[in-house]
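Dear colleague,

Please find below the structure that I am handing over to you. My notes on what was found in it follow directly after.

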2 protein chains.
Amino acid sequence: MAITRYQNLASILSQRIEQGLYPAGIRLPSIRVLSKEHGVSITTVQQAYRELEDQQLVEARPKSGYFVSPLKTRPELPAVCSMSQCSLSIPQWDQVLEMVGPLKDGEITFVSAAPDVSVSSLRPLTRALSHLSQRHDLRTLSYDDVRGSLELREQIARLLIDSGSHMDAGNIMITNGCREALSIAVRCVCAPGDIVAVESPSFHGSLQLLHGLGMKVLEIPTDPVNGISVEALELALDQWPVKAIMVTPTAHNPLGYNMPLERRQALLKLAQHYDVAIVEDDVYGELSFGYPRPATITSMDDEGRVLLCSSFSKTLAPGLRVGWIAPGSYMNRAVHMKYTGSGSTASLTQLAIVEFIKQGHYHKHVRRMRGQYQRNLAIMTGWITKYFPCGTRISRPQGGCLLWIELDHGIDTQRLNALLAEHNISIAVGAVFSTAGKFHSCMRINYAQPLTADIENAIRQIGVVIHQLLSRSGFGNSVK
Amino acid sequence: MAITRYQNLASILSQRIEQGLYPAGIRLPSIRVLSKEHGVSITTVQQAYRELEDQQLVEARPKSGYFVSPLKTRPELPAVCSMSQCSLSIPQWDQVLEMVGPLKDGEITFVSAAPDVSVSSLRPLTRALSHLSQRHDLRTLSYDDVRGSLELREQIARLLIDSGSHMDAGNIMITNGCREALSIAVRCVCAPGDIVAVESPSFHGSLQLLHGLGMKVLEIPTDPVNGISVEALELALDQWPVKAIMVTPTAHNPLGYNMPLERRQALLKLAQHYDVAIVEDDVYGELSFGYPRPATITSMDDEGRVLLCSSFSKTLAPGLRVGWIAPGSYMNRAVHMKYTGSGSTASLTQLAIVEFIKQGHYHKHVRRMRGQYQRNLAIMTGWITKYFPCGTRISRPQGGCLLWIELDHGIDTQRLNALLAEHNISIAVGAVFSTAGKFHSCMRINYAQPLTADIENAIRQIGVVIHQLLSRSGFGNSVK
Ligand SMILES: Cc1ncc(COP(=O)(O)O)c(C=O)c1O
Ligand SMILES: Cc1ncc(COP(=O)(O)O)c(C=O)c1O
C-alpha cells in the first residue's frame, strides 16, 4: 500500500505544479505540512518528493527544502482556436465524451448515473405531461418567467424543508438540470483562473465544468465514509486564495457517503473564516437511505454564502431536465446568467412536476426508489464480493445508486473497459473522476436498474476479465 | 435632425471610450474617418467632438487632433461579489429584467418577441407531446445524447437546405433555445475582454449576453433596410482586433430587414480578410415573407468560420426551448460547453418536433404564420400611421413579427411606458437595444397576435399618450 500512497501524493503535487498552483521557482510545502495535509507518513512524503525529483518537476536545495523546477511552467488556457477544427486540451474529455455518447445495441451499461425510470410510480408524471399537452395549455408553449414557474418554485421551497431550509419561491430559480445550476453557481462566485477546491474523487461533470470555465481545480483528500478532509482543506485554504469549495455532501458521486453533520458545520465555519463560497450539490439529497435526510450545509448558512444546486434528474427522471439553484446572496447574478445563457426553462415539464407533487405522488415515488436502491445495493455488493477477486475494495453508499470499486493497483480500468466492450458491457472508468491522474484502478457502477439475471451475468463477466488481467500480468496473488 | 445626428455620434464615441476601446491618452480617429464610418457630415463629427469636450471626455490638441482625456479610464469588469447581495453593473439590465417578468393581470403587451401560439396549426404538436407522454416512452425520461436527438438533427439538416446549406446531423447540436446556442457560439470564438461587433440596434438578449461574458460590444451603424454597414464595419476591423461579428441578417430583431445577398457576401469576405468569426442568428430565418427565403451567410462559408444559431421558438413555440447550433469548425468546443453548461437537452419536446415535421405539419404551419404576420403587419402599420403623430417613422419588416418605431426625439419611450402602465399597456423601450445610450425615442412592438379591437384600442391609446407628451413638452409641431 505504501507504494500507492506516495505515487498518489506525487500525482497530486505534479497536478498542482502543472496547474500553476505551485508556480516555477517557488518553495513547496514542507514535508511536515504535506504529511499533515494528506494524512500520510513523513516517509511517504519523502518518497513522493523523490519521485518528483526523478520526473525533474522539483529540485531539492540543501537546507531550504523543495522547489518547483524552472522548466515546468503553468500550461496556458486552451487558445481561442482559429478556423481549423481544434481539439480541446481538457484532461479526460475524450473519455467522458465516449461515456455520454449514444448506447450501442444490446449493450449492458453501468456507466451512467441515471435512476431507474421504468417504474410504475412515475406513471402519474407522464400522465400529467400528457394531459397538459392535450389541453393545449398555452403556458406550455410560451416563454416563462426567466426564474421559472412560480408554482414549481413554491413546491421546491416546501420540499427543501426536509433538508432543514426555510426558503420561499423568491430564493429559488429553475434551471436546465443540476448541471446548469452548477455552471451558474461557479460563475457567480469565481472568475477564470480562480482556484476551486473539490472532493477527490469528484463527479466528472463538475471537473469538466471547472476546467471548461478556466478554473484551477484543487483536489482535496476525501474519506470514503466521512467525506472531504476538513484538515486538508484548511491547510489548502491557508496556502492558496481558494475562491470556492464545491462539495456533494449527501450520497456523494461516486463514493456514496453522507458527510457527518459536525463535518458539514466545520466546513461552513472554515468557509466563513476564509471568506470562501460553497457550492453544494444536493442532487442525490432526497435519495439518502436514512430518515430523516441529512441537513444541507445551505440550511446552516445565514449569510447567503452557500449556493445550493439540485434537480429532479435523480429523484424523478433526467430527461425532464428540470433543476434549480438557490444561490443565496447571488440571485441577481444568477438570473442574469440564466437569462443570457439559455433564457427561460421549458414550461411543460415544470408544470407536470407541479401536478405530480400536488397529487401526492412525489414522496411516495421517492420513498419507493430509496427502498429499491437500498435492496439493489445489498444484492450488487454481494455479486461483486462473489465474482471479483478477493481484496477488491467496495464503497458503502448511504444513498443514491452508485458504487465505487477499487481493484488491484495493477489493473487499469480503461484497459478493462476496452476488453469489456467485446462483451458489450461498459463501466465508468475511475480516471475521469480526477484530473490529477488518480483512480486508474477504480471504477463506478450504477445499481439503479432492476437486477436481472442478465445484470448478474454481466457482473460475473467483468469479474472473469479482471481475473484474466490479473493472471496475465502475474499480479494474481499480490492483491493486498 | 442635425442635433440628433451629432448627439448620436457623441454617445457612440463616449461608449467606446468607457468600454476602453479608445483608452485614455490615445488619439481618436480623425474627423474624416469618422465622417466616413458613420456616413455623417464633417460638421456633425465636429459638433460631436465639441460635445465630448464639454463632457471632458476628450481634449483637442492643436494640430494633432482629439485625444481621450486621462481622467476617464476603462471601467473594471463587475467584481466577483462578496457575500452581500450585489447589483449587476450591466447597462439596461434592470429594464430588461422588468420586460421578462411575469405578465400583469389583463395587461395588453407588445413587449415580447414571441410568436402566436394560439393557432390550430400547432395542435398536431401538442398532440404529439401528449402521445409520446402517454406511451411512457422511456426515451423521454432518460439522458439523451449530449448533442441531442439524432432524428431531430437529421430533420434540421433537411430544413436547412432551404437556407442554402448542405449539412448532416453531425454538424448540428441541439440546445435550449437559440439563446443557449448564441451563448455557446460566442464562447467558442471569444474570451472575456474580446471585442464583438454587432448591429445597432441589436436584440437585447444578445447585448446582455455579450456584456455578461465580459466582451466589449462595438455597435456598428445599421441601415433599417439593408442592415449592418459593411463600410463602417471595415473601418472598425481596421481599427480594432475584433474577434467576432454577431448578426441577424434575416428578419432582423428589431429592424425587420433582410440583408441583401451581396451584402452578406461582402460581410463574409471581410470576415475572411480580417480572420474574424461570424455568429449568425437565424432565429427568424424561416419567417422571412419572400419566397425563397434568403440564403444564410453560413451557406456561403466553406471554412467553418460562421456559427449558425437558431431555434423553433419563433417558428413553433418558445416554451419548447428547442434550438440548435451549427458551429462550423468549433464543434468540439461547442459540445464541451453544452455538456458542462446544461448537459443534454430534454428529449420529449425534441421527439415531438420530429413527429410534427415527419407528419408534414411543419411547412404548412410556417407558411400559415408567414401569411398571418404579413397581413398583421399591414394592419398594424395602418393603425400606427392613423393614431401616432405624423412624422413617426416605422420600419418595413421583410419577415418576423416585430415593428420598430421612431418617435419625435423629444419623447423618451421609458417615460411613455411608465404612463402606459396606467392603462395596462406595455411596449419594449428602444433603449435596451443599445448599450451606447441610443434609441431613447424608439420602441418595438409585436404584431404576431390576432389583431382584435382591444389591440386597436391599445394602439390608439398609445397614440393619445404620445400626443399628450408632445403637447406638454411644447414639441407638438416641431416633428419633422
Ligand atoms: C453529483 C452530480 N451532480 C450533478 C449531476 C447532473 O445532474 P443533472 O442531470 O440534473 O444536470 C449529476 C449527474 O450525474 C451528478 O452525479
Ligand atoms: C434575434 C433573436 N435571437 C435569439 C432569440 C432567443 O430565442 P430563443 O427563445 O430560442 O432562445 C430571440 C428571441 O427574442 C431573438 O429575437
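Which residue takes a positive phi in the hairpin of E1(A) and E2(A)? The residue is Lys63(A), with a phi near 70°, in a hairpin that has three residues between the strands. Lys63(A) is not a glycine, and its place is the loop between E1 and E2 of chain A. As a general point, most residues other than glycine have a negative phi, and most peptide bonds are trans.

Confidence

Please bear in mind that this is a predicted model. The model has an ipTM of 0.89 and a pTM of 0.90. For chain A the average pLDDT is 91, and 94% of the residues score at least 70. Where pLDDT is low, the predicted coordinates should not be read in detail.

The sheet in chain A

Chain A contains an open sheet of eight strands with mixed pairing, in the order E4-E11-E10-E9-E8-E5-E6-E7. Its edge strands are E4 (173–175) and E7 (227–228) of chain A, each of which pairs on one side only. E4(A) pairs with E11 (residues 323–326) of chain A in the antiparallel sense, over three bridges. In that pairing, Met173(A) has Ile325(A) of E11(A) as its bridge partner.

Two helices of chain A may be described together with this sheet. Helix H9 (residues 230–239) of chain A lies across E5 (195–200), E6 (216–223), E7 and E8 (242–247) of chain A, and runs at about 155° to E6(A). Helix H10 (residues 261–274) of chain A packs on the sheet and touches E7, E8, E9 (277–281) and E10 (306–311) of chain A. The direction of H10(A) makes about 145° with that of E9(A).

The sheet in chain B

In chain B, eight strands form an open sheet in the order E4-E11-E10-E9-E8-E5-E6-E7, and the pairing is mixed. The edge strands are E4 (173–175) and E7 (227–228) of chain B, each pairing on one side only. Strands E9 (residues 277–281) and E10 (residues 306–311) of chain B run parallel and are joined by four bridges. Asp281(B) has Cys309(B) in E10(B) as its bridge partner. Helix H9 (residues 230–239) of chain B lies across E5 (195–200), E6 (216–223), E7 and E8 (242–247) of chain B, at about 155° to E6(B).

Helix packing

How do H2(A) and H3(A) pack, and at what angle? Helix H2 (residues 31–38) and helix H3 (residues 42–54) of chain A pack at an angle of about 110°, with their axes 9 Å apart. The two helices are therefore roughly perpendicular to each other, and their crossing is right-handed. Ile31(A), Arg32(A), Leu34(A) and Ser35(A) of H2(A) meet Ile42(A), Val45(A), Gln46(A) and Tyr49(A) of H3(A). By class, this contact has five nonpolar, two polar and one charged residues.

In chain B, helix H6 (residues 150–159) and helix H12 (residues 347–358) pack at an angle of about 45°, with their axes 9 Å apart. H6(B) is therefore oblique to H12(B), and the crossing is left-handed. H6(B) contributes Glu151(B), Leu152(B), Gln155(B) and Leu159(B) to the contact, while H12(B) contributes Gln350(B), Leu351(B), Ile353(B), Val354(B), Ile357(B) and Lys358(B). By class, the contact has six nonpolar, two polar and two charged residues.

Cis peptide bonds

Where is Pro254(A) found? Pro254(A) lies in the loop between E8 and H10 of chain A, and the peptide bond from Asn253(A) to Pro254(A) is cis, with omega near 10°. In chain B, a cis peptide bond joins Ser200(B) and Pro201(B), with omega at about 5°. Pro201(B) is in the loop between E5 and helix H8 (204–212) of chain B.

With kind regards

Note on methods:
Residues numbered from 1 in each chain as written. Chains lettered and ligands numbered in written order. Predicted model: local features only at pLDDT ≥ 70, side-chain atom pairs only at ≥ 80, totals over all residues. Heavy atoms only, no water. Pairing = 2+ DSSP bridges. Contact = heavy atoms within 4.5 Å. Axes fitted to C-alpha atoms, helices over the stretch in contact; angles between N-to-C directions. Parallel < 35°, antiparallel > 145°, perpendicular 65-115°, else oblique. Left-handed = near helix turned anticlockwise from the far one by under 90°. Nonpolar A, V, L, I, M, F, W, Y, C, P; charged D, E, K, R; others polar. pLDDT = per-residue confidence, 0-100.
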